[in-house]
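Subject: Structure handover, cross-links and charged pairs

Hello,

Please find the structure we discussed below. My notes on its disulfides and salt bridges follow.

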Amino acid sequence: MALAKIAQMSAIFLLSLALIGCEGQVPFNAADAIAKAKDAAIGKVGPDVKTFNVLEYGAKADGKTDSSINFIRTFKAACNFDGNAMMVIPEGNFLIGPVIFAGPCLNPSLIIQANGMVNAQSLSYYKLGGGADAADWITFQGIKGLILSGHGTFNGQAAEAWKLNVCSGKPNCMRMPATMKLIRVNDAIIHGIKSVDPKGFHIMISWSQNLRILNVNLQASGESPNTDGVHMSKTSLVEISDSVIATGDDCVSIIQGCTNITVNRVTCGPGHGFSIGSLGHYDAEADVSGIIVKNCSMIDTDNGVRIKTYKNLSPSKASGIVFQDIIMTRVRNPIIIDQEYGRMGSSQSSKVSISDVQYINIQGTSASKVAVELVCSASNPCQGVQINNVNLQYAGPPNNLPFSSRCTNTKATYVGTQSPPPCP
């Protein structure tokens, strides 16, 4: 039954891709785009592709000269070229402040070959709190057809920002600049790049669809605050695969309005795990559905696979969620639903309805004696939670508490091996 459900969700994902291609546009062919991305990383492009090198537009590869305007001019020239185009960031050390790469572009799929080291300016260059577009480092906006590929590194140089990015107890805490933000970007590939020490999120995606993120390496200190690896909202048809994420917050965070998201063959840790949520944080949130996390490994993370919702009065739904074939090593809170996240003193219960959640073939070691914790809403109990073949062993400090599961406001269905023992 579980496998049939996953197959059905995958079929819906593929059908959605096909339907998008039926709206008078050329359909997005992910396999072709990925092949093109891999070729672009090594400069293997056809003679019909015109290149636009940032050095030719005045950028300096000395690591000291601000080349922001030169990067913007290069992008504009490539974007406005009526034909196949590739923006080139070659080997070398570049320094840029916040830039916005805005479409629409004239070419069918703009290629950006990134093989250099791109370093961020200090925090004083960012207009914090000045609106969604002003708060981030590299913003891609309003583009249909984008390939970002190469072995380059984007260094957020974030030590100063992390000191200001601790939001606990700060109701008006400002989000720090994301290294890369994609807003209203469709049919895109991000391949091969590395992100280190972001001021905020590594990659932030909103109002976008048809994205593939593969072979990326996202790195930050395990103590760095709010440095989510890939953070998504109001986005659909995304696959993150074959990547390494080691950071100080969620490796992948999926919040309101996300549908048909797949995370496959990703190594996470350190970090806060794979999170759906926080949900219920804002009024009138859009639903979340069709989320698959599979064939992943987690090492020394603060959480494993997590669904978290705030206590509030705005209803929404999270459904059709699968966590499958996950290997955990010394993971705290390996399996957790937390519908009491934040606002711990509030007497109201979460109005987010969670249903059709499957945990399949999860094994390894837990650093917590309570390895499965399902804390659901009193007013909206979780429905259709299935736990199938969970085999976790305790590997934390010695104590006399039993290795156990804890469930509130839900009746999970259990199949196969169960360690820890299931809830009564």
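Which residues are linked in a network of salt bridges? They are Asp-136, Arg-175 and Lys-181. Please bear in mind throughout that this is a predicted model.

Salt bridges

A search of the whole structure gives nine salt bridges. Three further pairs are described here.

Lys-308 pairs with Asp-250, with 3.6 Å between the closest N and O atoms. This pair links distant parts of the chain, 58 residues apart: Lys-308 is in strand E21 (residues 305-310), and Asp-250 is in the loop between E16 and E17. Lys-308 counts as buried, at 5% relative accessibility, and Asp-250 is buried as well, at 2%.

Asp-302 and Arg-332 meet in a salt bridge through their side chains, at 2.3 Å from N to O.

Glu-373 forms a salt bridge with Arg-406, and their closest N and O atoms are 3.0 Å apart. Here too the pair links distant parts of the chain, with Glu-373 in strand E25 (residues 370-375) and Arg-406 in strand E27, 33 residues apart. Glu-373 counts as buried because its relative accessibility is 17%, under the 20% limit. Arg-406, at 41%, counts as partly exposed.

Disulfides

The count of disulfides comes to four.

Cys-251 is joined to Cys-268, with an S to S distance of 2.1 Å. The torsion about this S-S bond is about 80°, so the disulfide of Cys-251 and Cys-268 is right-handed. The two cysteines are 17 residues apart and link distant parts of the chain: Cys-251 lies in the loop between strand E16 (236-246) and strand E17 (252-254), and Cys-268 in strand E18 (residues 259-268). Cys-251 is buried, at 0% relative accessibility, and Cys-268 is buried with a relative accessible area of 0%. The loop between E16 and E17 thus holds Cys-251 and also Asp-250, the partner of Lys-308.

In the disulfide of Cys-376 and Cys-382, the sulfur atoms are 2.0 Å apart. Its S-S torsion is about -100°, so this disulfide is left-handed. Cys-376 is buried at 2% relative accessibility, and Cys-382 is buried at 4%.

Cys-407 and Cys-423 also form a disulfide, with 1.9 Å between their sulfur atoms. The link is right-handed, with 85° about the S-S bond. Cys-407 is in strand E27 (residues 404-408) and Cys-423 in the segment after strand E28 (413-419); they are 16 residues apart, and the pair links distant parts of the chain. Strand E27 also holds Arg-406, the partner of Glu-373. Is Cys-407 buried or partly exposed? Cys-407 is partly exposed, because its relative accessible area of 24% falls between the 20% and 50% limits. Cys-423 is buried, with 13%.

Cys-296 is in no disulfide. The nearest cysteine sulfur, that of Cys-268, is 8.4 Å away. Cys-296 is buried, with a relative accessible area of 2%.

Regards

Terms used
Residues numbered from 1 in each chain as written. Predicted model: local features only at pLDDT ≥ 70, side-chain atom pairs only at ≥ 80, totals over all residues. Heavy atoms only, no water. Disulfide = S-S within 2.5 Å. Helix = DSSP H or I, 4+ residues; strand = E, 2+ residues; numbered from the N terminus. Buried < 20%, exposed > 50% of the residue type's maximum accessible area, 1.4 Å probe, protein only. Salt bridge = Lys/Arg side-chain N within 4 Å of Asp/Glu carboxyl O.
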